[in-house]
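Thanks, everyone. Let me put the model up, and then I'll walk through strands, pockets and rings.

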Amino acid sequence: MPEPDAQPTETTGWEPDVLDGFEQLTLPLTPDDEGEVVATLVRRRRAGGGSAADARESRDPLVADRGIDVLYVHGWSDYFFQTELADFWEARGARFFALDLRKYGRSLRPGQTPGFVTDLATYDEDIEAALTTMGHGILTADRPKHERSLVLMAHSTGGLTMSLWTARHQDRVAALVLNSPWLEFQARGIGRKVLAPALELQARLDPRAPLPQVDLGFYTRSVSRTLDGEWDYDLAWRPVRGFPTHPAWLTAILRGQGTVERGLGITVPVLVLLSARSTLLPTWSPEMMRSDTALDVVGIARRSTDLGSQVTLVRIDGALHDVVLSAPPVRAVAYDDIATWVRGYVPERPPAPEEDPTPDDRAPGWVGWVGHAAGAVRDTVRGWFDRSGAGPQA
C-alpha cells in the first residue's frame, strides 16, 4: 500500500450521487492489472465544500452534533443504498459516510472483475483514502488530536474486512458495529480447512477461474421490490444471483476467517447483529422472508467470540441477512438495539465549544443521543408499518 499523503480534510470534488439528497467523491487508488482503480465515498449532501462548518450548516438545527463520524462498508455483490441507515445516524447527531470499495457499485469500472481482490488487506488503501477525507487519516491518527470519534459499521464480507482492519488500527476506532459479518464459512471451521488447500492450488493456477454458482437468487427475492421485497436498488451493481466468485478471492476470505479463528484481540467495543436463524435450502421457502439466506448465523455467533474482549451479540427474530433491510418492525428493533448498545459502550464526546449545547429537554452527550435515537426510529418505523405495512424506499 502506498504511503498516505497529508491531504486536507476539506475536500472539493463532491458530485451529486445516484441517491437523491446524497453526494459522492471519487477516491483515486493505485492502478492494478485491470487498469484504473477507485473507491467512492458517499454522504448526505452538504451546504458547501465539505468542511466541519459546512456540515454544521447542513444539519437540522434541532439536532446537536455529538462529535461522531460513522463509516459504513457494504458486503459482497453490494453497494451503499440504505438511506434509512444514514438517516438514523445523522438525525441523531452523527456524520454518516458510506464507502463503495474498489470494483463495487459506484467504483466498478468497465473491464474489471467485480469485487475481485487476492488479499483483504488490499482494502486498507480504500479505507485510508476514505478516512483521510473524513479527517481520520493515519497522519492524524492520534486520538487526542481528533475532534471527532470514529465508529465503523460494516455488513457481511465488509464486516470481515473491517474486523481485520480494526484489529490492526484499534487506537483510531471508538467502536465497531457488525451487521451479519461473514466471520465463518458456511461449512464452519472444519469445512473451511478441508476446502482451503484445493482452493489455494487453484488460485495459483488460475486466480480468476469462475467457481460454481451457489447463489440461487433467494436473498434478492426477499429484498428487491421487483420481487417479494420492498427495496429499490441497481441490479447491475447488486445482481440477482450475485457476482461470479473466483478461487483467489475465496482464498482471501478463508484466510481472513482463519485469522479471526485465531483471535483478533480487539479491545474496543464490538456489536454483532444477526438474525435469529438461517434458512439455507435449495428451494424457495416463505421462511426466507424472515431469516438469513446467505450465512450460517449459528457458526457466526460462535465465531464472534473470537473478535475481542468486549463483544455484544444480538440475535433478532425475523431479520434478513442485511438486518437493516428487514421488515419495518424488525429493523425498528435493530435500530433500538444499536442505540441501546451505544449508550452503554460508546464513550460520550461533548460538542465542540463553537457548537450549540445540548437542549435542556434532552440528556447530555450520548445518553440523549441514544434515547432520542431509540424512541424516534422505533416510533417512526412502527408508524409506517401500522399505516401501510411497508416502510420508505431507498
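**Strands, space and rings**

Strand β3 and strand β5 (residues 94–100) pair in the antiparallel sense, over four bridges. Pairing here takes at least two DSSP bridges between two strands. Strands are DSSP E runs of at least two residues, helices are H or I runs of at least four, and both are numbered from the N terminus. Thr40 stands opposite Asp100 in β5.

Some ground rules. This is a predicted model, where local features need pLDDT of at least 70 and side-chain atom pairs count only at pLDDT 80 or more, while totals for chains, interfaces and linings use all residues. Residues are numbered from 1 along each chain as its sequence is written, and side-chain values use heavy atoms, with hydrogens and water left out.

Back to β3. Its other partner here is strand β2 (residues 22–32), antiparallel over nine bridges. Gln24 has Val42 in β3 as its bridge partner. Two residues separate β2 and β3, which form a hairpin. How many of the ten residues of β3 (residues 35–44) are buried? Seven, so the strand is largely enclosed by the rest of the structure. Buried means under 20% relative accessible area with a 1.4 Å probe, protein chains only; exposed is over 50%, and partly exposed lies in between.

Next, the largest pocket. Its space is about 1,000 Å³. It has 43 lining residues, and the closest to its centre are Trp76, Gln186, Val214, Asp215 and Ala294. Helix α6 gives the most to this lining, with four residues. On a 1 Å grid over the protein atoms alone, a pocket is an open set of points with protein on both sides within 12 Å along at least five of seven lines; a cavity is a set where a 1.4 Å probe fits but cannot get out; lining residues have an atom within 4 Å of a point. Points join across faces, edges and corners, and volume is the space filled by probe spheres set on them.

Now the rings. There are 16 aromatic pairs in the structure. Rings of Phe, Tyr and Trp (its six-membered ring) pair with centres within 6.5 Å; planes under 30 degrees apart are stacked, over 60 edge-to-face, the rest tilted. Tyr79 and Phe81 make a tilted pair, 5.5 Å centre to centre, with 45 degrees between the planes. Tyr79 and Phe81 are both buried. Phe80 and Phe96 have ring centres 5.5 Å apart and planes at 45 degrees, so that pair is tilted. Phe80 lies in the loop between β4 (68–73) and α2 (83–90) and Phe96 in strand β5, so the pair ties together parts 16 residues apart in sequence.
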